[in-house]
Amino acid sequence: SIKAFLFDLDGVIVDTAIYHYQAWKRLANELGFDISEEFNEQLKGVSRMESLDLILAHGGLTLSDDKKNELATQKNQWYLELVSRMTSDDILPGVPAFFAQVRQAGLLTALGSVSKNAPMILERIGMSDAFDAIIDGTKISKGKPDPEVFTKGAAELGVSPAECVVFEDAVAGVEAGKRGGMFVVGLGSSDVLTQADLVAPSLETLTVEQVLEKASV
Ligand code: G16
Ligand code: MG
């Protein structure tokens, strides 16, 4: 039976995906090219350095490790400027109500984010205490689509993968959950999140009961 819900951060709890995109776009523009929203789908859930590599390949650039570290730091500074203005008003619609149901149902919760900024963002939106376990970019060696971020979350909660449901908005994140042996709820479009076991537009349109019913067959 299902004992735990594991949540991605960006695009599930809070819409920081737009800020990552804006900061990467600014960086690409300074390097003399552009990135589209469609290209950005590939970056969601992917680590900072792997994202930079994808962007540089897209622009046809090959740079030294020193230069890449400099660019990644620059992007993070712009990103931090954007997220520093966030408050609890930035929590995505349906999240507080869904979390109330999760607690009511007695389920465990974990955050599964590859972002090194995740604890700071939780602090800003007042959700630091909302999770029983927090796995962030500082605790893992492999980003999504590797399942590490979710298998570590399950291990920290003391549950098996088959007892977990993952909530993800990214293609790489859905793949990570599936590779980890978990039931995955995709939040977004079913045309994009084709690997998910269940897809809904957002947490606002789901109830915990619906998820448990689908995941328990
Ligand atoms: C997030 C974002 C990615 C970002 C990554 C690393 O992952 O979706 O776009 O590149 O974290 O973030 P940072 O540069 O802050 O360490 P997730 O797993 O929360 O979707
Ligand atoms: Mg995400």
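Helices and strands here are DSSP runs, numbered from the N terminus, a helix having at least four residues and a strand at least two. In those terms Asp169 sits in the loop between β4 and α8 (171-179). The structure is a predicted model. The protein has nine helices and six strands.

**Overall fold**

- For 217 residues, a compact globule would have a radius of gyration near 17 Å, and the protein agrees with this because its own value is 17 Å.
- Along the principal axes, the C-alpha atoms of the protein fill a box of roughly 50 × 30 × 30 Å.
- Of the 217 residues, 40% count as buried.
- Among contacts between residues at least 6 apart in sequence, 62% join residues at least 24 apart.

**Annotated residues**

- An unreviewed UniProt entry gives the feature "binding site" at Asp8, Asp10, Glu168 and Asp169.
- These residues span 162 residues in sequence, but no two of their C-alpha atoms are more than 8.8 Å apart, so they gather at one spot.
- The unreviewed UniProt entry also places the feature "active site" at Asp8 and Asp10.

**Asp8 and Asp10**

- Asp8 lies in the loop between β1 (4-7) and α1, and Asp10 is likewise placed in the loop between β1 and α1.
- Asp8 counts as buried because 29 other C-beta atoms lie within 10 Å, where 20 or more are needed.
- Asp10 is buried as well, because 23 other C-beta atoms lie within 10 Å.
- Leaving out residues up to four places away in sequence, Asp8 touches Gly45, Gly112, Ser113, Phe167, Glu168, Asp169, Ala170 and Gly173.
- With neighbours within four places in sequence set aside, Asp10 is in contact with Thr16, Ala17, His20, Ser113 and Ser115.

- Glu168 belongs to strand β4.
- Glu168 is buried, because 31 other C-beta atoms lie within 10 Å.
- Beyond residues up to four places away in sequence, the residues that Glu168 touches include Asp8, Val12, Gly173 and Val184.
- Asp169 is buried, because 26 other C-beta atoms lie within 10 Å.
- Not counting residues up to four places away in sequence, Asp169 touches Asp8, Gly11, Val12, Lys44, Leu187 and Gly188.

**Around ligand 1**

- There are 22 residues around ligand 1, and those that come nearest are Asp10, Arg48, Ser113, Ser115 and Lys116.
- The elements that give two or more residues to this shell are α1 (17-30) and α3 (48-58).
- By type, the shell divides into six nonpolar, 10 polar and six charged residues.

**Helix α9**

- Helix α9 covers residues 208-215, and its buried residues are Val208, Val211 and Ala215.
- They lie on the same side of α9, because they cover an arc of only 65° around the axis.
- An α-helix has 3.6 residues a turn, so residues three or four places apart point the same way.
- The exposed residues Glu209 and Glu213 are carried by the face of α9 turned away from its buried side.
- The buried residues of α9 pack against α5 (95-104), β4 (164-168) and β5 (183-187).

Methods
Residues are numbered from 1 along each chain as its sequence is written. Chains are lettered from A and ligands numbered from 1 in the order in which they are written. This is a predicted model: local features need pLDDT of at least 70, side-chain atom pairs count only at pLDDT 80 or more; totals for chains, interfaces and linings use all residues. A residue is near a molecule or strand if its C-beta atom, placed from the backbone, lies within 6 Å of it. Ala, Val, Leu, Ile, Met, Phe, Trp, Tyr, Cys and Pro count as nonpolar, Asp, Glu, Lys and Arg as charged, and the others, Gly among them, as polar. UniProt positions are given in the numbering used here, feature names are shortened, and annotations may be inferred rather than shown by experiment. A residue is buried if 20 or more other C-beta atoms lie within 10 Å of its own, exposed if 12 or fewer, and partly exposed in between; C-beta atoms are placed from the backbone. Two residues are in contact if their C-beta atoms, placed from the backbone, lie within 7 Å. The arc is that of the directions from the helix axis to the C-beta atoms. The radius of gyration is taken over C-alpha atoms; the globule rule is 2.2 Å times the number of residues to the power 0.38.
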